[in-house]
Amino acid sequence: MGGSTVEPGSYRSIHSNTARLVDDLRARLKRGDTESVTKQVLTIGASDMAVISGHPAIVSIKPVVSDTGHIAQEPGQEFLHIAVRYLDGSLITSLRQDYLLDGARFSWVNMLARGEASYPLIDRSGSTIGFFVWQPYRPGAPVFSQLGPMLVATFGLLLGGVIVVLMSLRRRTLKLIESEDRIYHLAHNDLLTALPNRSQFNDRLADALTRLPSTGEQLAILYLDLDRFKQVNDSFGHPAGDELLREFSDRLRRLTTEADTVARLGGDEFIIIQRQVAGEHEVKTLCERLIETARRPFEVAGVQVFVGVSVGAAFAPRDGCDRDELVRKADVALYHAKAAGRSGYVFFKAEMDQTLAMRKDLNRSYARRCKCLARSRSIISRSTRPTPTEWRA
C-alpha cells in the first residue's frame, strides 16, 4: 500500500473498504465480463476512491495472472492483487515534481489560500471525499505571456486527465449500480414470471401486517394452485407449462390493483396479498374473477389448453396477524377447496384446523394398527416353523 508491498494478512485492515469492489469484480469475472480487455490490458479490474485509515486513497483491484499457469483461479474465489495509493503521500509529491504543481496537496475541505485552485475528488457513490489543491504557476506578467500557452496546455492536459479518470470512474459506478439493481431484481423476483418471489412476498406481508394496528384496515391472503397443470406439462412438455405460467401471471396482474401483491411461490402455486379489504364480499368477487380467468383457454405450443384454479383465503386480523400462520391457514383453506372438487374457493374457518387434526390422528392410528398387525404376523410365522427335531424326523 502507498507504493510498497505488504503482507497479505494486512488486508484485514482495509477489508471494509475493498469488500464491495472485490465482490463486484468477482461477480464480473464469474459472468465472463471482458469489457476494457485489450492486448495491453489482460484482465478486467475495479477501482474507486476511498478513505483508508484516515487517508484519501485510490484503490485498484485486478485478478492475479499466473505466468506459469500454476495458480488456479476458481470462479468466485479468485486470487486478487489489491493496490492502495494514498493521495496525501508520495503520489502528491510525484505530481508536484512531474507537473510543477507548486503547493500541490490534498484537502478535506475546499478552503483555498489566495491564488490556489482546487478540483473535487468524487468516489463511485457520487460523494466528494476531498479536494486536489495546487498553486498555479505565476512567474509574472512578461514570463506568463511567453509561457502562458504552455502552462495552459499543461494544465489542460492534467485537468483533462483527471476529468477522464473521474468520468471513467463515474461510468463504471453507473454500470455497477445498474448491475446491483439487476442482481437485486433477480434475488427478489421470480425468473420465469418476473413476479415477486417468496422472499419479497414475505417482506411485503410482514410490512403490511405491521401497519394493520395503525391503519385499522383488513387484508386477505389468497393461496392459488392451478388445476390440471401437471397434465399440461406431461402432454406438451415443460416449455409449454412455462408459457402457461407466464400467461396466467399476466392475467393475475390485470385482475389486481397496485396496492396488492401477486407473487409466485414455486411450481404452479401463486399467492396474493389483497390490501384494504372492505369485507368478505370484496374477496369473494376477486376469487370468482380468478376462477373465471383461469377457465378461459390458454394458447400454448400452438394449441388451446384448459386448466382451472383453486383458491384458499385467510383474513387478517380475523385469522391472526402472524405471517407464517396466515399463510398456513390460507393453505389449509386451499386444501379444502381442492377436496371440494377444484375450481372453487374456500375461506378459512377454525373448524378446518380441528378437521385436519382429526385426520392426522386417524392417519397415525391407522399407521400404528398396521405396524401391530405386521408384528403379529411375524410372531405367528415364527411360531409355526418346524423344530430341529421335526426336521430330522
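**Burial and cores in a predicted model**

Buried residues make up 34% of the 393 residues in this chain, and the model is a predicted one.

Student: How many helices and strands does the chain have?
Tutor: The count covers the secondary structure of the chain. It comes to 10 helices and 13 strands.

Student: What share of the contacts with a separation of 6 or more joins residues 24 or more positions apart?
Tutor: Take the contacts in the chain with a separation of 6 or more. Residues 24 or more positions apart account for a share of 60%.

Student: Is Cys 287 buried or exposed?
Tutor: Buried means under 20% relative accessible area. Cys 287 has 0%, so Cys 287 is buried.

Student: Which strand holds Phe 132?
Tutor: Phe 132 is buried, at 11% relative accessible area. Beyond its neighbours within four places in sequence, its contacts include Ile 92, Leu 95, Leu 101 and Tyr 119. Its place, within residues 128-135, is strand β6.

Student: How far apart in space are Phe 132 and Ser 107, C-alpha to C-alpha?
Tutor: In sequence, Phe 132 and Ser 107 are 25 residues apart. In space, the C-alpha to C-alpha distance is 6.4 Å.

Student: How many residues does the largest nonpolar core have?
Tutor: Those with the most contacts inside this core are Leu 222, Leu 224, Leu 226, Leu 244, Phe 248 and Val 283. Elements giving two or more residues to the core include β7 (219-227), α6 (238-255) and α7 (280-295). The core has 32 residues.

Student: How many residues are in the other core that lies apart from it?
Tutor: Its members include Tyr 223, Ala 316, Ala 337 and Met 352. The number of residues is 24.

Student: Which strand holds Gln 274?
Tutor: Gln 274 is buried, with a relative accessible area of 6%. Beyond four places in sequence, Gln 274 touches residues including Leu 222, Val 283 and Leu 286. Val 283 in turn touches Leu 222, Phe 315 and Phe 347, among others. The strand for Gln 274, residues 269-274, is β9.

Note on methods. Residues numbered from 1 in each chain as written. Predicted model: local features only at pLDDT ≥ 70, side-chain atom pairs only at ≥ 80, totals over all residues. Heavy atoms only, no water. Buried < 20%, exposed > 50% of the residue type's maximum accessible area, 1.4 Å probe, protein only. Helix = DSSP H or I, 4+ residues; strand = E, 2+ residues; numbered from the N terminus. Contact = heavy atoms within 4.5 Å. Core = buried A, V, L, I, M, F, W, Y, C linked by side-chain atoms within 4.5 Å.
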